[in-house]
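Please keep the sequence and the model in view while reading.

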Amino acid sequence: MKHIHIILCAAMAALLFSACDKPYVGLEPQTAEEPNVTYRITSFEQVAFDAPPSRALLDVTQLCSRINLVVYDGDTKVKSIAQKASDKDFGTLAMTLPAGSYTVAIIAHSTSASATVTSLDKISFDHNIISDTFLFTEELTVGAEPQSHDVQMRRVAAMFRVNLTDPLPDNVKQLKFYYTGGSSTLSALTGYGSVNSKQTVVLDVSAGQKTFEIYTFPHAESGLLKVTVTALDAAETALAESVLEDVPVTRNMITVYNGNLFDTSPAESNTATFSIKAESDWGGEQEYAR
């Protein structure tokens, strides 16, 4: 019995010691890991995608309102960061990664929500409506030392701008652009569109408005769109429709259509032209006759 009493006492002492230890577990403040990789978007290169770097650079806040960063280890997404222009430190993306090799993609845009990155080859946007879009992709090796990267991003979107020379139908409230030949889904691996999309964009019409703009991701450096433009009234009833065939689009270029859409009178029907033109923040220029 004496031996049993000693054993019981020892067991009770062990339990008490253990119980006294437990309240201290986790009481020390938890400190977040310090980021070991930081990307700072310093500017956007205002040049054609395959051209050498340019001095014509603009700040991130001047050209986009959202940024998405993703990090992949092979085919596995290991990190995702989403920012909007109202966030503190917009354009600076800091993260902690284990040592290893990764692929990093940064997408800057101005759509209504964060981009959806299903894979590096399939980046889509809210309602499949895209905006002016910029891309940065690189292979990243993380070691023992923290690292910081200054990023200059390049435009991967093409714009189609319509400058109307004819009056819009009476009671028009919106123009609907339905177009094929481009993509609303981007590949971060190639910088081109990765899906054959049927894109639809509906734009409100202000009084006296004559200029309208839509975007696409070409499947190669250049491509052709078929664009159907429909004038809608307040009840979304079609008032008039016009089809533009073989509209040329090029990455980092604005394709401009100056002409009639809904006035098909013989005197006016052959006066419209396309042109691909340069502006202060877009590159290159060429003419195209319809």
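How many residues lie between β3 and β4 in their hairpin, and which residue in the turn has a positive phi? Two residues lie between these strands, and the residue with the positive phi, of about 65 degrees, is glycine 74. The structure is a predicted model, in which local features need pLDDT of at least 70 and side-chain atom pairs count only at pLDDT 80 or more, while totals for chains, interfaces and linings use all residues. Residues are numbered from 1 along each chain as its sequence is written, and side-chain values use heavy atoms, with hydrogens and water left out.

**Overall composition and confidence**

- The chain contains two helices and 19 strands; these are DSSP runs numbered from the N terminus, helices being H or I over at least four residues and strands being E over at least two.
- Of its 290 residues, 43% count as buried, where buried means under 20% relative accessible area, exposed over 50%, and partly exposed in between, with a 1.4 Å probe and protein chains only.
- Among contacts (heavy atoms within 4.5 Å) between residues at least 6 apart in sequence, 66% join residues at least 24 apart.
- The average pLDDT, which is the predictor's confidence in each residue on a scale from 0 to 100, is 81 for the chain, and 73% of the residues score at least 70.
- Over residues 47-55 the pLDDT stays under 50, and the model has 18 contacts beyond four places in sequence for this stretch.
- Residues 285-290 also stay under 50 in pLDDT, with 21 contacts beyond four places in sequence.

**Strand β3 and its partners**

- Strand β3 spans residues 66-73, and seven of its eight residues are buried, so the strand is largely enclosed by the rest of the structure.
- Strand β4 (residues 76-84) runs antiparallel to β3 and is joined to it by eight bridges; two strands count as paired if DSSP finds at least two bridges between them.
- Within this pairing, valine 71 stands opposite lysine 79 of β4.
- Strand β6 (residues 100-109) also pairs with β3 in the antiparallel sense, over seven bridges.
- Leucine 69 has isoleucine 106 of β6 as its bridge partner.

**The four-stranded open sheet**

- Four strands in the order β13-β12-β15-β16 make up an open sheet with antiparallel pairing.
- The edges are taken by β13 (198-204) and β16 (238-250); each has a single partner strand, so one side of each is left without a neighbour in the sheet.
- On average, neighbouring strands of this sheet are turned by 20 degrees against each other, direction ignored; axes are lines fitted to C-alpha atoms, for helices over the stretch in contact, and angles run from 0 to 180 degrees between N-to-C directions.
- Seven bridges connect β12 (residues 174-180) with β15 (residues 222-232) in the antiparallel sense.
- Phenylalanine 177 has valine 229 in β15 as its bridge partner.

**Aromatic pairs**

- The structure holds two aromatic pairs; rings of Phe, Tyr and Trp (its six-membered ring) pair if their centres lie within 6.5 Å, and planes under 30 degrees apart count as stacked, over 60 as edge-to-face and the rest as tilted.
- One of these pairs is formed by phenylalanine 125 and phenylalanine 217, which are tilted at 45 degrees between the planes and lie 6.0 Å centre to centre.
- This pair links distant parts of the chain, 92 residues apart: phenylalanine 125 is in the loop between β8 (122-124) and β9 (134-142), and phenylalanine 217 is in the loop between β14 (211-216) and β15.
- Both phenylalanine 125 and phenylalanine 217 are buried.

**Salt bridges**

- The count comes to five salt bridges, a salt bridge being a side-chain nitrogen of Lys or Arg within 4 Å of a carboxyl oxygen of Asp or Glu.
- Among them, aspartate 132 and arginine 155 have their closest N and O atoms 2.7 Å apart.
- This pair links distant parts of the chain, 23 residues apart, with aspartate 132 in the loop between β8 and β9 and arginine 155 in strand β10 (residues 147-155).
- Aspartate 132 and arginine 155 are both buried.
- Another salt bridge joins glutamate 213 and arginine 161 at 2.8 Å, N to O.
- Its residues are 52 apart, glutamate 213 in strand β14 and arginine 161 in strand β11 (residues 158-164).
- Glutamate 213 counts as partly exposed at 31% relative accessibility, whereas arginine 161 counts as buried at 11%.
- Aspartate 87 and lysine 84 also meet through their side chains in a salt bridge, at 3.6 Å, N to O.
- Aspartate 87 is partly exposed, with a relative accessible area of 27%, and lysine 84 is partly exposed at 38%.
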